[in-house]
Amino acid sequence: MALLSVCQSAFAVLHHIEPIIVLEQLGNCLFDTALQLVVKDRCANISDPGVSPEQSQQKAMADFFMNYNLIIRLVPILPALLLAKLSDRGWRRAPIVVPLGGYLLSRIVLLLVLLFGLPLQLMYGAAALFGVSGGFCAFWPGVMTLVSLKSTATDRSKVMMRVELLYGAAGVVGSLVSGHLFLLYTVKLGQGVILLIVSSLIHLLILILSIVLLQVKQVSEDSHLLSHNNDDEEEDNDAVNVPVAINKVNVVLLFAAAILYDFAVGGAVEILGIFVLKEPLSWTATQVGYGNAAGCTIFLTSFLGVMLFRRCCSDVTLILIGMLSFATGIYFMSFVTATYMFYLARSLNLFALIPIPTIRSLLSQQVQSSSYGTILTYLQLALKFAGLAYIPAFTKIYQGTLDWFPGCVFMLASVFTVLAMIPISVLGCRSPHRRRYKRIQGD
């Protein structure tokens with residue numbers, strides 16, 4: 001009976017979104033490490049006249065990832081909007097199931113490239129295929145929509161950060177093992193093939209789970225609150241179910257802050273992956289996995305930061321703490337010349353992932369529950385458009401400063417983070433009661 005009860009409990013867990021989140025990030029980390037190292041190997045013999053072989057390799061890698069990431073950000077825009085509309089019309093699983101199909105196909109393409117020695121440029125087609133399915137632009141808002149529907153406004157920020165915690169924990173595990181799996185090979189299977197087979201099988205599993213077992217649950221509540229502190233929660237319960245108009249000023253401020261912050265974070269992370277592969281760091285496959293794990297650890301520390309600070313800080317203050325954490329860490333990254341310095345810089349980014357989930361939470365509290373999917377997808381699309389600007393900008397700046405100050409892009413990211421703090425500060429000033437659950441009033 002005990003064994004039957006355990007099996008029933010385990011089966012019940014598979015009806016929730018959390019197992020899909022964990023497995024998706026696990027498979028994604030394996031793929032990211034594989035792609036990073038395959039691109040490095042394919043660009044190893046590239047040489048340009050007048051520059052060193054390492055600089056030629058770095059510029060070729062930067063160009064590849066610039067084109068690849070631009071495709072991933074541009075193509076999903078229309079599919080993501082269509083999937084969001086389907087979601088708000090009751091097809092809540094559509095923005096999750098369809099992108100997972102794209103994930104699986106793109107992983108298989110890289111596996112074929114590695115197995116048969118096909119041109120690396122085929123990954124541009126894989127990126128387009130991934131984008132047509134909606135990609136992460138549709139998948140993550142779909143996940144956050146399900147999370148928002150099954151949580152109340154008062155605890156939504158904590159629930160969303162819990163999702164980020166699971167995502168980060170899976171990323172740490174996946175990143176730690178990815179470098180070791182990449183080095184596994186047999187007589188017939190070269191390096192990276194086993195890693196990509198595992199990644200593809202994981203994505204096949206979660207696609208089946210999302211189609212067959214995933215269920216949608218909704219908490220009946222319609223609120224538009226900006227949470228600040230747990231004090232006097234009972235006093236505000238009467239306001240929970242009061243429908244109010246969308247506060248457009250607050251929405252604009254939240255969007256502006258999110259775009260500027262994503263511009264900084266995305267631009268820095270875009271370059272960081274190739275920065276660690278050149279001298280003086282010159283990381284191996286195992287070190288790449290460990291470095292990616294350090295980045296995923298920030299999911300865990302950000303969650304703990306929310307748990308610690310939300311007792312005494314408003315959501316606005318939480319966002320500012322996270323932005324300050326990233327600004328200091330990425331500024332220090334500008335001067336990294338050894339592996340230990342990289343990890344010291346990363347340690348300053350402890351709370352860097354607090355801002356975006358908290359901004360999503362505040363946005364979901366400004367609209368009707370029937371519009372959760374649309375507003376969160378609009379935010380994700382706005383971040384995609386920001387990527388269309390920062391990806392080529394940071395790439396070209398990095399290539400232009402590679403021979404005299406390769407850390408210049410990280411310093412630039414720090415400046416944009418400080419700019420992102422301005423609209424959040426304005427948002428905080430608009431709050432009439434900073435330490436109570438009160439909706440921010442419009443002008």
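My entries follow, ground rules to start with.

I'm working with a predicted model, where local features need pLDDT of at least 70, side-chain atom pairs count only at pLDDT 80 or more, and totals for chains, interfaces and linings use all residues. Residues are numbered from 1 along each chain as its sequence is written, and side-chain values use heavy atoms, with hydrogens and water left out.

**Helix pair.** I looked up α5 (residues 94–116) and α7 (residues 135–149): they pack at about 145°, axes 8 Å apart. Helices here are DSSP runs of H or I, at least four residues, numbered from the N terminus. Axes are lines fitted to C-alpha atoms over the stretch in contact, and angles run from 0 to 180 degrees between N-to-C directions. For contact (heavy atoms within 4.5 Å), I noted Pro95, Ile96, Pro99, Leu100 and Tyr103 of α5 against α7 residues including Phe136, Phe139 and Leu146. By class, I get ten nonpolar, two polar and no charged residues there; Gly counts as polar, Tyr and Pro as nonpolar.

**Patch.** Which residues make the nonpolar surface patch of about 520 Å²? I found Leu105, Ile108, Leu112, Leu115, Phe116 and Leu129. Five of them, the largest share, come from α5.

**Loop between α10 and α11.** I checked α10 (248–275) to α11 (285–309) and found Pro280 in the loop between them. The Glu279 to Pro280 peptide bond is cis, omega near 10°. Ser282 is in that loop as well, and I logged a positive phi of about 50° for Ser282, a non-glycine. Most residues other than glycine have a negative phi, and most peptide bonds are trans.

Technical notes: Helices (H or I, at least four residues) and strands (E, at least two) are DSSP runs, numbered from the N terminus. Patches are made of residues with over 30% relative accessible area and no salt bridge: like charges are joined within 9 Å, nonpolar side chains (Val, Leu, Ile, Met, Phe, Trp, Tyr) within 5 Å. Accessible areas come from the Shrake-Rupley method with a 1.4 Å probe; for residues, only the protein chains shown count as cover. A salt bridge is a side-chain nitrogen of Lys or Arg within 4 Å of a carboxyl oxygen of Asp or Glu.
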